[in-house]
Amino acid sequence: MNIDNPGVSMSICVNTCPDRELRNLDEVYQFSEQTGSYLCRYDVDIQKYTQSNKSLQGPCPVTPVKKSVPLLNRCVPSDLFKLHKKISSNIIDFLNQSDIFQKVLTDLYKSWKEMFGLCFVAFAFALVMILLIRYFASIIVWLILTVAVIASIAGTAFLWWTFAGVKSKLDHDQIYEFPLLDVEIESEKAFLAFSVTATILTVILLLVILIIRKRISLVVTLFHEAGNCVAAMPCLLMQPLWTFFFLLIFFVYWVIILAYLSTSEKVKANENGFVVFEEYETVSYFWWYHLIGLIWSSEFIIACQQLAVSGAVAKWYFTRNKESVSCVIGNSVGRMIVYHLGSVATGAVIITIVKLPRWILMYLSKRLKVSDSQCAKYWMKCCICCLWCLEKCLKYLSANAYTIVAISGQNFCTSARKAFLILLSNGLRVAAINSIGDFVLFLGKIGVMAATGAVGILWLKSQNDLHFFAVPVLLCCIFGYFVAHCFLSVFEMVIDALLLCFCEDCDLNDGTIERPYFGNKSLMTYVNESSKKFNEMTKKYGEGECEPAHV
């Protein structure tokens, strides 16, 4: 009602900010009549505007009402920096008082269309990557490495470029003594943190590739064998589409519920008699419920894909006449829905049980930064590190357990135990085949994520009404990684499932006429050659000698 002192003035919501200066209540009436944007208190009839009082508490605004533009969901005078310095400072201080979460949520609301489009950009990048793996298996290893390196360097460069642009604008405003919004300062800090982190990760990536460059050739044949499996069951390529569809639906649902929770507040009157909103105490508990739902449901959807793909690969592998196999993925999904949803839910909740305490400890660790207890800090970091390692081990074990579930039909715990024993007894084969292959596929996921982030920065940077677009870009990068994970994990799961089926085949059969192997000769030859090459490399670098695999 009085822009000169917004901190203690009544505020109301309007449809449109005044597009011209309104010098008296007659002009306020004319503007409201023309635009349908009522500038007086809601209980005042528009025909009585000219007869109403104008004060800090209304019911009508103090004139003149300045020409305004929307800023952080507030109508701010368009000539803000031409006003008296005290008035402009009061307005900036008032804007800075709003919660940072509300500012982020505002940018998420304004950029939801762009974020939705970036999800499909990530989908397109991941689809191109998996098609290249399918049809160019012989060169895809080096192609993934090249794309990952280029995308990581480009993403890092874009982050530094964006940070430089934000910093340049703030420096310009500071030179001319313009008041700065806290949200712009926080955006500068966020992009600086993103840029430094991306630079460190890119340097680590280049060093790792330099170290393992001689071992990368081992996985070329492996990708070719996985490509043969996918070629025999092309419907496997459709599985990520369903996973992407369900993840997208769940992601939209989760964000909508998040918006409802963040705006679920109770009405209260402050000391000035104005309406304010305070958070319900019980609503804070629903944040934890919503967070657990995010982790468990995401892991459940991904686990369904893992079991469906593993079941299809197992069915194809343990069929003598592989050309006679038809509708494998459909049968695998049907068996999962009818018999194995409990195993999928069990595996997902185990990951959730480990992941949630780690997130809680990470939050407590940040709170302890202001504490002088060094012992508590180190103990917290050790617990976080141990839980992270445990989570990664359980994820890897769960993925292999789903293959045993598909082969034997046993429950999750029994299958996990059997998978652990198989992996333990075939440690060299696992090291020779999985380590480099999984790393290359991981680079493919990072490449998709970095490319999505670069497109997101270019797109959202042009939106002048966004002030903290680092968060939308970060969310799109995270979702881009999940989408790439759904696609590229098809080959990752095929490789892991083939390895486990191979090990199970070796335990059940001996290669004689009476008990021939189910696997192709090329796969078995490759496993032995990879084990021998890996053994030679470990001996060369002085890491000790390992027993070669025998078939």
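Visitor: At what angle do the axes of helix α11 and helix α12 cross?
Guide: Keep in mind that this is a predicted model. In it, the axes of α11 (residues 374–408) and α12 (residues 412–425) cross at roughly 110° and come within 8 Å. Angles of 65 to 115 degrees count as roughly perpendicular, so α11 is roughly perpendicular to α12.

Visitor: OK, and which residues of α11 and α12 make the contact?
Guide: On the α11 side they include Tyr396, Leu397, Ala401 and Val405. From α12, Phe412, Phe420, Ile422 and Leu423 are among them.

Visitor: How do the residues of that contact divide into nonpolar, polar and charged?
Guide: There are 12 nonpolar, four polar and one charged.

Visitor: Switching topic: where does arginine 358 lie?
Guide: Arginine 358 is in helix α10, which covers residues 328–367.

Visitor: Is arginine 358 buried or exposed?
Guide: Buried: its relative accessible area is 12%, and the cut-off for buried is under 20%.

Visitor: What does arginine 358 touch?
Guide: Leaving out residues up to four places away in sequence, arginine 358 touches Ile384, Leu387, Trp388 and Glu391.

Visitor: Now α14. Where does it bend?
Guide: At serine 489, by about 40°.

Visitor: And how far apart are the end C-alpha atoms of α14?
Guide: They are 54 Å apart. With 39 residues at 1.5 Å a residue, α14 should span 57 Å, so the two values agree.

Visitor: How many residues of α14 are buried?
Guide: 31 of the 39, so α14 is largely enclosed by the rest of the structure.

Key. Residues numbered from 1 in each chain as written. Predicted model: local features only at pLDDT ≥ 70, side-chain atom pairs only at ≥ 80, totals over all residues. Heavy atoms only, no water. Helix = DSSP H or I, 4+ residues; strand = E, 2+ residues; numbered from the N terminus. Buried < 20%, exposed > 50% of the residue type's maximum accessible area, 1.4 Å probe, protein only. Contact = heavy atoms within 4.5 Å. Axes fitted to C-alpha atoms, helices over the stretch in contact; angles between N-to-C directions. Parallel < 35°, antiparallel > 145°, perpendicular 65-115°, else oblique. Nonpolar A, V, L, I, M, F, W, Y, C, P; charged D, E, K, R; others polar. Expected span 1.5 Å × (residues − 1). Bend = angle between axes of the 7 residues up to and from the residue.
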